[in-house]
Amino acid sequence: MIDYLFTTVVRALAVGTPLLWASLGEIYAERSGVVNLGVEGMMILGAFFAFAVAHTTGHPTLGLLAAAAAGGAAALLHAVVAITLRGNQYVSGLALAMFGLGAAGVLGRGWEGIPLLHTLPEVSVLTYLGLGLAVVLWGVLYHTRLGLVLRSTGEAPAAAAAAGVNVILVRYAAVVFGGVLAGVAGGFLSVAYRPSWTEGMTAGLGWIAIALAIFAGWDPLRAVAGTFLYGALFFLSFRLQAQIAPEFLRMLPFAFTMAALAVMTRRQRGQGAPEALGLPYAPGDR
Amino acid sequence: MKRLGPVVLEPVTAPSGGWVLVVSAGAVAAALATSAVLFWTFGLSPAGVYRAMFAGTLADPRAAPEIMRQTIPLLLCGVGLVVAFRAQFWNIGAEGQLLAGAVGATGVALFVPAGPWSVPLLFAAGFAAGAAWGLLPAWLRLGLEVNEVITTLMMNYIALFLVEWLIHGPWKGRGVFGFAYTDTFPEAAWLPVVPGTHIHWPTLAVGLLAAGGLAFLLARTRLGFEIRVLGQNPHAARYAGIDPVRTSLAAVVLSAGLAGLAGAGEVAGIHHKLLAPSQVSAGYGYAAIIVAWLARGHPLAAVLTALFLGWIFTSGDVMKVSLQLPFQVTLMFNGLILFFLIGSERLLAYRVRWAGPPGHGLPALAPAGGEGAAATGASGARRT
């Protein structure tokens with residue numbers, strides 16, 4: 001029984017790891033006032049580059065670094081369009097998701113079915129690092145000056161600018177940071193969780209990470225709780241394969257997300273969302 | 001007013017139709033140029049890629065019907081999204097609504113005794129199923145203020161797995177042992193096609209009628225007026241006595257229902273059975289977002305932009321065959337086009353004027369981008 005419980009917790013942690021990393025990144029981006037719907041695209045690019053670099057060099061850690069760089073670079077595209085060019089953030093993020101899935105698919109031709117010799121364990125440093133990161137990000141967000149600056153650019157960019165904050169710079173940094181975490185999340189999938197490359201291997205996790213950021217109330221610690229919940233859900237569906245049609249089990253996280261969003265939005269009553277979320281900021285705006 | 005070398009950018013409230021066209025074409029050209037750079041880094045010759053693309057689509061007479069075939073679902077989903085976006089309902093779920101429509105139509109084709117009523121009935125079922133798929137996110141948004149971007153997306157995945165379940169489980173055909181699809185529809189439930197092609201013209205006709213009808217609706221009817229006001233200024237709409245729930249629901253039902261019709265057209269017009277979601281739709285529901293965005297709020301302009309995206313999809317198919325590129329190449333193109341469209345949006349807030357070399361007195365009056373303004377349905381081109 002204890003063994004079973006332990007296995008459940010460990011598996012839930014492993015499955016939840018990429019979700020946790022990606023949603024922590026999205027929380028920081030959105031705290032700065034920028035929605036990035038491109039998580040799915042940044043993750044899949046991270047997954048591909050992690051696999052390609054890990055396979056070529058034989059070092060999964062190098063693969064993860066490449067994933068971080070790829071995620072950050074992809075996020076930079078969104079930052080330019082959403083922050084500098086003040087385009088619609090929602091649509092720009094969707095464009096990033098499409099582009100990432102497309103480019104990873106084109107790049108990944110010929111890489112499918114190749115086994116990876118040097119991998120990271122399923123519950124690895126990344127899992128514990130993710131938990132630690134959540135605590136650190138929570139501390140930074142609520143208990144440091146940097147966190148105050150980040151939150152103020154998301155709540156009242158004009159006031160932050162009047163107080164001497166470089167809103168544009170903070171937003172760029174937050175969005176790119178979010179991309180780096182999403183890239184690592186994707187890398188985890190291809191070098192640790194399922195050491196291989198298959199197109200579309202993120203399978204909607206990126207969208208769930210965005211939803212998780214919302215119903216965690218943009219709070220890194222609550223995101224950890226949400227991650228556990230999803231991890232348990234994935235593990236449960238793995239155990240129930242004999243009883244329930246696999247298609248329904250794969251549907252479960254998405255249906256659960258709808259329900260969770262409905263319940264949490266009702267409880268939050270519009271509270272918690274950064275006030276200026278999704279609104280472009282032009283220097284000089286009041 | 002900003003001065004950039006010899007040109008001056010002046011802020012305007014509504015850009016001219018010609019300028020919209022110039023900026024949109026520029027964005028598309030920039031996307032194709034960026035793709036060329038990417039192809040080069042992927043180790044493909046950009047010239048070879050584009051030569052294959054043009055040879056396979058514009059120079060090949062067999063390509064035109066194929067472009068038309070792919071335009072049909074893009075048009076139906078796209079015009080619907082134009083209306084939803086005008087009402088500021090960010091429906092990203094056309095893909096799922098299309099799949100739901102395909103399921104509805106399949107239900108009619110397989111389980112209602114066949115007859116002359118089959119086609120109208122399966123269209124109706126497709127519309128109803130698509131609309132139903134859109135109503136849940138609409139209800140969550142209007143009743144509980146849940147962000148519809150995320151929920152419509154979640155509904156896409158739910159629809160995908162629903163189709164997977166149906167074709168592997170209860171609706172799996174009796175005579176198709178190793179494969180996952182339903183039995184073939186009775187012939188009475190097949191849509192007629194233009195001979196020698198896969199163009200199921202009744203669906204195309206419905207799409208064109210929808211474009212015309214929705215243009216009329218937006219411009220000339222009370223509901224259309226309410227949708228426009230609600231989208232432009234929800235507060236003003238409330239003061240004007242417009243019921244936001246009723247108006248939004250109407251926009252969502254139209255949008256999701258038309259996407260459902262597209263799904264009905266795909267299964268009854270081309271495949272004659274329900275099959276894997278990726279075969280029912282090659283991502284038309286997502287690409288329809290670009291159709292609607294390019295059309296800038298005008299249902300009639302969506303006819304042209306759907307045709308353009310139909311060409312992109314066909315080009316992707318050509319590259320798949322002649323260059324062994326994966327189908328995601330279309331997705332990459334689409335992502336880049338959308339990126340550049342959003343990125344160039346800011347240019348529409350300005351008018352470009354030639355002001356002569358710097359330091360030469362007052363700006364000269366020479367409006368740019370005026371030609372061709374009335375050439376397309378994009379004229380007027382106010383964006384909401």
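The following paragraphs lead through a predicted model, from the contact between two chains to single residues.

In chain B, 39 residues are in contact with 42 residues of chain A. Several helices of chain B each supply at least two residues of the side that touches chain A: α5 (118–144), α6 (148–168), α12 (284–295) and α14 (328–344). By residue type, this side of chain B divides into 27 nonpolar, 8 polar and 4 charged residues.

The surroundings of B:Cys77 can be listed by name. Leaving aside residues up to four places away in sequence, B:Cys77 touches B:Ala94, B:Leu98, B:Leu258, B:Ala259, B:Ala262, B:Tyr284, B:Gly285 and B:Ala288.

Helix α4 of chain A comprises residues 89–107, which are 19 in number. From its first C-alpha to its last, helix α4 of chain A reaches 26 Å, close to the 27 Å expected at 1.5 Å a residue. Because 18 of its 19 residues are buried, α4(A) is largely enclosed by the rest of the structure. Helix α10 of chain B, residues 244–271, has 28 residues and should span 40 Å at 1.5 Å a residue. The end C-alpha atoms of α10(B) are 39 Å apart, which agrees with that expectation. This helix is mostly covered, with 22 of its 28 residues buried. After α10(B) comes B:His272, whose phi is positive, near 60°.

Chain B also contains an open sheet of 3 strands in the order β1-β2-β3, with antiparallel pairing. Its edge strands are β1 (2–4) and β3 (350–354), each of which pairs on one side only. On average, and with direction ignored, neighbouring strands of this sheet are turned by 25° against each other. Strand β1(B) pairs with β2 of chain B, residues 7–11, in the antiparallel sense over 3 bridges. Within β2(B), B:Val7 is the bridge partner of B:Leu4.

Individual residues of chain B complete the picture. B:Ala29 is found in helix α1, residues 17–41. With 11 other C-beta atoms within 10 Å, B:Ala29 is exposed, because a residue counts as exposed at 12 or fewer. Although B:Ala29 and B:Ile337 are 308 residues apart in sequence, their C-alpha atoms are 8.5 Å apart in space.

Two loop residues of chain B may be set side by side. B:Gln88 lies in the loop between α3 (63–86) and α4 (94–111) of chain B, and B:Arg296 has its place in the loop between α12 and α13 (301–323) of chain B. Phi of B:Gln88 is near 60°, a positive value in a residue other than glycine. Phi of B:Arg296 is likewise positive, near 50°, again in a residue other than glycine.

Conventions
Residues are numbered from 1 along each chain as its sequence is written. Chains are lettered from A and ligands numbered from 1 in the order in which they are written. This is a predicted model: local features need pLDDT of at least 70, side-chain atom pairs count only at pLDDT 80 or more; totals for chains, interfaces and linings use all residues. Two strands pair if DSSP finds at least two bridges between them. Helices (H or I, at least four residues) and strands (E, at least two) are DSSP runs, numbered from the N terminus. Axes are lines fitted to C-alpha atoms, for helices over the stretch in contact, and angles run from 0 to 180 degrees between N-to-C directions. Two residues are in contact if their C-beta atoms, placed from the backbone, lie within 7 Å. Ala, Val, Leu, Ile, Met, Phe, Trp, Tyr, Cys and Pro count as nonpolar, Asp, Glu, Lys and Arg as charged, and the others, Gly among them, as polar. The expected span of a helix is 1.5 Å times one less than its number of residues. A residue is buried if 20 or more other C-beta atoms lie within 10 Å of its own, exposed if 12 or fewer, and partly exposed in between; C-beta atoms are placed from the backbone.
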